[in-house]
Amino acid sequence: MKGKIRKVVLAYSGGLDTSVILKWLQDKYRCEVITFTADIGQGEELEPARKKALKLGIAPRNIHIADLKEEFVRDFVFPMFRANALYEGEYLLGTSIARPLIAKHLIAIAKKTGADAIAHGATGKGNDQVRFELGAYALMPEVRIIAPWREWDLLSREKLLAYAARHRIPVEFKKRKAGGAPYSMDANLLHISYEGGVLEDPAFEPEESMWRITVSPEKAPSRPETVELEYRRGDVVAVNGRKLSPARALAELNRIGGRHGVGRLDLVENRYVGMKSRGCYETPGGTILLRAHRAMESITLDREVLALKDDLMPRYARLVYNGYWFSPERKLLQTLIDASQSPVNGTVRVKLYKGTVLVTGRASRSDSLFDPAIATFEDDRGAYHQADAEGFIRLNALRMRIAARMAAKRGRK
């Protein structure tokens, strides 16, 4: 039988859910609560979370706030984009890739403070519970995990608000003008996601006022804008000739792409727990990164290397989506992917116009496999012997010719 929980590290945002969870942990488990708040570019000030934790009785030494923006992009987002990862062909995995980073720091704080448990505010219907907990178990096998949404009876926003009122928990909670619960939002430096509320009807068109970081393509500038990205070993190192850190590069692409209405997505996806879910996403910088990275690879990677990466990509994307970032298979795939990126060096030029990203140029001085002398439609002066194509085609047609003969014989019987 597991012993009493003495100390727990809570993934704490300062919002309604985690503020209620903080108080609930104190009352239910009678344990010491440590809060951890991560800045991964969600665009909110984190000091209010510190003040709220203090009001709820958390000792200053037990309040941990960390700026993880650079680590997030450098060690999680960029490695994922080296794989060109898309879940179910569309989703750029903005929420999925943030969870292992948070799990990593929850466990680090648990080990540092001697805590025997962690807690999170993910619901029992979603993917995030899986992502947090798989990551935690991979890093601290014996850790105990408290998931209040799987234990308590506060299963609606109204009940959470009532609990907060009874216990004098300060919360900010605004309802939509038309009434009903607001969207459930998750933001970080890679994206913003929207779920719940009226979006639970997959036929409902989102209100224009919902979108936060992209303008409507119809209202985007009438003139296109060209952006140049410089790549080194598969990662962006400069935007428009300006050297930038990973987080600053992504932030700059978000700013430029958002201005042109790039990166909106509305889809119904398959959650790992088994249900379908409708989500809307804004990922302007990520949309540019994906298009540009594929263009950079197109002239620097061998045909079969590209094909192998494309074969592996859906598997890699599912691993990220389902929470297996720290799994041995994801690490093995990452080793292969990273090895492929050694020659992915050069520049890509893209044109942004009313929600679209069009590649207009790509170049690599040292690693390009594009040979104009061979590819030209003009006289190649013997670089390529066109007569060789006849034997190549006949050999590749052999199995189909044999099958056709057999079919003809069967037809004559």
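L398 sits in helix α12, residues 388-412 (helices are DSSP runs of H or I with at least four residues, strands are E runs with at least two, and both are numbered from the N terminus).

Before I go on, some housekeeping. This is a predicted model, where local features need pLDDT of at least 70 and side-chain atom pairs count only at pLDDT 80 or more, while totals for chains, interfaces and linings use all residues. Residues are numbered from 1 along each chain as its sequence is written, and side-chain values use heavy atoms, with hydrogens and water left out.

Back to L398. Together with I402 and M406, L398 makes a nonpolar surface patch with about 250 Å² of accessible area (Shrake-Rupley method, 1.4 Å probe, with only the protein chains shown counting as cover for residues). Patch members have over 30% relative accessible area and no salt bridge, with nonpolar side chains (Val, Leu, Ile, Met, Phe, Trp, Tyr) joined within 5 Å and like charges within 9 Å.

Next, a pair of helices. The axes of α3 (residues 69-82) and α4 (residues 98-113) come within 10 Å and cross at roughly 115 degrees. Those axes are lines fitted to C-alpha atoms over the stretch in contact, with angles from 0 to 180 degrees between N-to-C directions. Who makes the contact? On the α3 side we have E71, F72 and F76, and on the α4 side A98, P100, L101, K104 and H105 (contact means heavy atoms within 4.5 Å).

Two of those names come back as a salt bridge: E71 pairs with K104, their closest N and O atoms 2.6 Å apart (a side-chain nitrogen of Lys or Arg within 4 Å of a carboxyl oxygen of Asp or Glu). The partners are 33 residues apart, E71 in α3 and K104 in α4. E71 is buried at 12%, whereas K104 is partly exposed at 33%.

How many salt bridges does the structure hold? There are 24. Another one is R99 with D186, at 3.0 Å between the closest N and O atoms. R99 is in α4 and D186 in strand β6, residues 184-187, so this pair ties together parts 87 residues apart in sequence. R99 counts as buried at 9% relative accessibility, and D186 is buried too, at 16%. Salt bridges with shared partners join R99, D128, R131 and D186 into one network.

Definitions and conventions: Buried means under 20% relative accessible area, exposed over 50%, partly exposed in between (1.4 Å probe, protein chains only).
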